[in-house]
Amino acid sequence: MNAIQVDHLRRVFTTNVGRFRRESKEVVAVDDVSFAVGDGELFGLLGPNGAGKTTTVKMLTTLLIPTSGSARVGGFDVEHESQKISSTIGFIFGGERGLYWRLSGIDNLRYFASLYHVEPAVAAKRIPYLLDLVGLKDRGNEKVEGYSRGMKQRLHIARALIHDPQILFLDEPTIGLDPVGARELRLVIRNLQAEKKTILLTTHYMFEADMLCQRIAVIDKGNIVALDTPEELKKLVLDLSVIEVEVFGVQDDLLEKIRKQKFVDNVSVENRDQRQILTVQTPRGSEAIPDLMAIFDGRRVGKVTSREPTLEDAYVRLVGGDA
Amino acid sequence: MTLKTIKAYARAVAITFEITLRQNFSDAFIIFAVIVQPMIIAILALWMLRDIGGDIGIFVIVGSGLTGLWSGLLFISGNSITGERWVGTLEGLVASPTPMAVIVFGKNLANVFQSLASMIASYIAVALLFDLRITIEQPWLFAASLLVTVVAFICFGLIMAGLFVINPAFAQFQNGLEFPIYILAGFLFPIAMLPGWTTPISYVLAPYWAAVALHGSATGSVPPAEIGFAWLMMLVFSLVYVLASGRIFRIVLRKARVDATLSMQ
Amino acid sequence: MLNTARINLRLFWDGAVLSYIALFRWLRPSTYIASKVFGPLVYMLFFVLLGRYATGSSDASFFVIGNAIQMCAWSGIYGITMSITGDHWDGTLPYVFGAPANRLIVFLGRAFIHVIDGYLGVVLGFFWGITLLGLDLSQTSLPALALVVLITTISTSGLGMLLGCLSLMTRNVMFVNNTVFFGLLLFAGANVDVATFPGWMQSISYALPLTRGIQAGRAIVAGADLSQVSGLLSTEFLFGLIYIALGYVLFRWFEKQAKRRGTLEAV
Ligand SMILES: Nc1ncnc2c1ncn2[C@@H]1O[C@H](COP(=O)(O)OP(=O)(O)OP(=O)(O)O)[C@@H](O)[C@H]1O
Ligand SMILES: [Mg+2]
C-alpha cells in the first residue's frame, strides 16, 4: 500500500474581489494532480510561487476539502476519515504563525503532546529530545514571542514530530533558517528518512530537493509537469548545456532578443547584488558563446562560463524562465 | 469510546484549562471584561439602587458578577475558535486527534472559571465604597447554584463558539448581544419591568435561570423549590447545548475545510 | 494663500473620509447599521430600565436625557481613538508624519467625521427616547438643545483625541478606551446625580467633559433657556479645547520622539 495516494485532485478557491460590490472570482489552485508516495519514501514537490504546493499539502493534511478527486493518506480518505489520519501524520507550514506566542516553547510542545494523546511519561522524555534535535535546548523555557523567525520555525518542526508520526508533510521547512540551521534540518530530515518515515517535502531550493528527495514532482499552475527521480529529471536537459553571463543591468528587449535566437532554448535572469546572472540553455554548448556575445553588441558583460546542466536547469526548462 | 481515549481527552481538557488560564492572565481585554467592567457596573448600579434598601448590596454584587460572567462568556468563550484562527493555531488543533469540542470545553472551563472573578470584583467594589450589610442568606444553595451556573455557561459557550465561526460578522453580533442579555436575564432588575412579550425569551435563556437561582439563594427571596427548578432548567439547557454543539462543530469544521477558512490568508 | 487653503481643505477632507472608511471597511452595511443604531439603543434601554427600577417611577426622562447625550462618547471615544491609532496598526503612520501636511489639520480631520457621527448618535438617542421611552420635549427649545449637544460632542471628542494620542504609546488601546467609556458612564452622571457623589468623585466628574453637557441638556429639556446654562456650556467647551490642545501637544511630542528613536512602527 502506498503511504500517500493522490488521484485527480483538484481544488478551486472562490475569492471575493472588490470592496463595495462583492464579486466572486474563481482561482484554480490545483487543477488535476495525481501521484503516489511509497512507504518510507522521501518525495519532493517542486514548483514556482502559486503553483499549488501548499494547497496540495493542505488537502493531504485534511485541512482543506478537495473540490474533486480524492486522496488517501495512510490508507484513509482525506475528506471522510480525517480523524483517523490525524494521529499518523505531522505537518509544518513555513512561517511564524501557528504557535502560542505567550507561552514558552516547552509549554507549546506540552500542549500539542497532550492533544496528540502522547502519554505524559513519553512526552517528558520526548520534549527535551526534540528541543535538542532542533537546537532549542537552551531556549525552551522562554516565551515564543521572543524567538526569532528561524527559532519559531524550528519549534514548528519539534511540534510536528511530537507524536512520532509515520507520515510527515513539510511545506518549505527550511524557509527562514540560517544556512547552518538549514543544513542541520536537512540532516534531521535525512535521519527521519533513515527511520523509514514517509516524507512529502516542498521546497524552492533545488539543491535541497536534489540532495534529499528520492523522487520529485514538478508542479506548475496546478498541474504536475514532470515526476521522476532527480537523476532522470536531469536527463531532460542532458541535450543542453548552460552558459552563464554576468551582466550589469539588462533590458527586457535584450532578453527577448536572446530568447528568440534559434540556438537558445531558455533564458532566465537572477539578481545578484549589483549584477544579474543570465542563464542561457543551449544545445550548442560553449560554441554558442561568440554568437551570444554578438547580441550583446559591445554592452558591458562580466564573467562568462559554460557548465553542465543541473536539476535547477531541468526545473527552469519545465516551468519557464521566471524561476 | 475506550477508557484510554477518555483518559486522553481528560488530560487534554486539563492542559487546555491550564494553558488558557495562563494566557488569559496577561490579556488586558479579558481583565477589562471580567474585572473592570463589572466593578464599574456594580458601583453605578448600587449608586442608583441604594435607596431601595433591603438586600440590595448582595443583589447588586450577584447581578454585576453575572454581567461579568456573561460578557466573559460572550467575548472570550465566544472567540474560542475564531481566536485560534487569528493566531493561526486553529489548523494545528483541528488536525489533532482530540475533537474540537473537547478542546473548546477545556477553554470554556478556564474562561468561565476565571470569569467568576467578576463576582469577587463586584464584591470588592461594593464593600469598599458602601457601608452595607452583605450576607448570603443560603450559602449552600448559593454555592450549588454557582456550580450549576458554571456548568450551564460552559455548555452555552460551546455552541456560541461554533455559531460565531459560522457568522463572518460575529464581532458585531457579539457586541449586540452583551446588554440585551443583561436586560432579558434580569441580572440587575426583575424582568417584570419588561413588556410581557419578552418573558418567553427570558425563559429559554440559561443566564435567566442562573440569575433566578443566584439572586434567589443570595437574598433568600425565592423558595428552595424554585431554585431547584432553575437548576433543572439550566441542566436541561446544558444537555441540549452539548448535544447541539457536537453537530454544530461538525458542520462548522467541515464548512471551514470547504471554504478554506481554517487559516487566514 | 487661496491655494494653501484649498490644499488644507482637501487634506482635512481626505483625512476625515479616509479615516472613516478605513475604520469601517471591514463592516457590512447591515452590521454597520446594527452597531450604530441598535447597539446604543440597547445600552440606553438597560440603564433607563435600571433607573426606572431604582426610582420606581415611570418618568425616566432623567436617565433618557443622560444616556442620549452619553451617546456622543461612542464616536467621541472609540471612533476617534481608533482613527488615530488605526494608522499605527496598519504601519502607515510614517506616511502621515512624512507628508508636509499641516499636522493640526490632519489631526482635526481625523476627528471631524466622528464628531458628526457622535452628534447623529445623540440625535438618535433622543429619537429613541421620544418614540420608545416617553421623553417629552414640548417645553424644550430645540435649537438650544442642538447647541448643547454640539458642544458636548466636541468636548467629549476632545477627550477622545487625547486618548487616541495616549494610545499611540500603549498596546492596550481597547483597555484604555473601554475603561474611559465606562468611567464616563459612571462619573459624567448620565444615570446618577453627580451632586450625590462624595467630594473626591465629584472632582473627577467635573474634570471630565460630558458632565456639564448632560446637566445643561437636562435643564434645557426641562424648559430652561440658553442664558441659564451658558456658564455650564462655556466651561464644557473650554474643557473640550483643553483636551484637544493636550492631545495635539502629545501628538506632536509622539511624532518627535518616534522620529528620534525610529519607532514609528513599533511601540
Ligand atoms: N484560501 C485561498 N483563497 C483563495 N486563493 C487561494 C487560497 N489559498 C491559495 N490560493 C491561491 O491558490 C494558488 C496556489 O497557492 P498555493 O499556496 O498552493 O501555492 P504554492 O505552490 O504553495 O506557492 P508558494 O511557493 O508561494 O508557497 C495561488 O494562486 C493562491 O493565490
Ligand atoms: Mg506554499
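Q: Helices (H or I, at least four residues) and strands (E, at least two) are DSSP runs, numbered from the N terminus; in which loop of chain A does Thr67(A) lie?
A: This is a predicted model, in which local features need pLDDT of at least 70 and side-chain atom pairs count only at pLDDT 80 or more, while totals for chains, interfaces and linings use all residues. Residues are numbered from 1 along each chain as its sequence is written, chains are lettered from A and ligands numbered from 1 in the order in which they are written, and side-chain values use heavy atoms, leaving out hydrogens and water. Thr67(A) lies in the loop between α1 (53-60) and β4 (68-73).

Q: Does Thr67(A) count as buried, partly exposed or exposed, and what is its relative accessibility?
A: Buried means under 20% relative accessible area, exposed over 50%, and partly exposed in between (1.4 Å probe, protein chains only). Thr67(A) therefore counts as partly exposed, at a relative accessibility of 45%.

Q: Which residues does Thr67(A) touch, not counting residues up to four places away in sequence?
A: Contact means heavy atoms within 4.5 Å. The C-alpha atoms of Thr67(A) and Val30(A), 37 residues apart along the chain, are separated by 9.3 Å. With residues up to four places away in sequence left out, Thr67(A) touches Arg10(A), Arg11(A) and Val12(A).

Q: Which residues does Gln193(A) touch, not counting residues up to four places away in sequence?
A: Gln193(A) has its place in helix α6 (residues 179-194) of chain A. Its relative accessible area is 14%, so Gln193(A) is buried. Beyond four places away in sequence, Gln193(A) touches Leu42(A), Ile199(A), Leu212(A) and Gln214(A).

Q: In which strand is His8(A) found?
A: His8(A) is a residue other than glycine with a positive phi, near 50°. The element that holds His8(A) is strand β1 (residues 4-17) of chain A.

Q: What orientation does α4(A) have to α5(A)?
A: Axes are lines fitted to C-alpha atoms, for helices over the stretch in contact, and angles run from 0 to 180 degrees between N-to-C directions. Angles under 35 degrees count as roughly parallel, over 145 as roughly antiparallel, 65 to 115 as roughly perpendicular and the rest as oblique. Helix α4 (residues 120-133) of chain A packs on helix α5 (residues 149-161) of chain A at about 140°, with the axes 9 Å apart. α4(A) is therefore, relative to α5(A), oblique.

Q: How do the residues of the contact of α4(A) with α5(A) divide by class?
A: α4(A) contributes Arg126(A), Leu130(A), Leu131(A) and Leu133(A), and α5(A) contributes Leu155(A), Ala158(A) and Leu161(A). Ala, Val, Leu, Ile, Met, Phe, Trp, Tyr, Cys and Pro count as nonpolar, Asp, Glu, Lys and Arg as charged, and the others, Gly among them, as polar. The division is six nonpolar, no polar and one charged.

Q: What is the handedness of the crossing in which α3(B) passes α11(B)?
A: The axes of helix α3 (residues 56-77) and helix α11 (residues 206-219) of chain B come within 10 Å and cross at roughly 155°. This angle makes α3(B) roughly antiparallel to α11(B). A crossing is left-handed if the near helix is turned anticlockwise from the far one by less than a right angle, and right-handed if clockwise. The crossing of α3(B) and α11(B) is right-handed.

Q: Which residues of helix α3(C) are buried?
A: Of the 267 residues of chain C, 52% count as buried, and the secondary structure of this chain comes to 11 helices and zero strands. Helix α3 (residues 61-70) of chain C is mostly covered, with eight of its 10 residues buried. These are Phe63(C), Val64(C), Ile65(C), Gly66(C), Asn67(C), Ala68(C), Ile69(C) and Gln70(C).

Q: How many disulfides are there over all chains?
A: A disulfide is a pair of cysteine sulfur atoms within 2.5 Å. Cys165(C) is buried, with a relative accessible area of 0%. Over all chains, the count of disulfides comes to zero.

Q: How far away is the nearest cysteine sulfur to that of Cys165(C)?
A: Cys165(C) is in no disulfide. The nearest cysteine sulfur is that of Cys72(C), at a distance of 18 Å.
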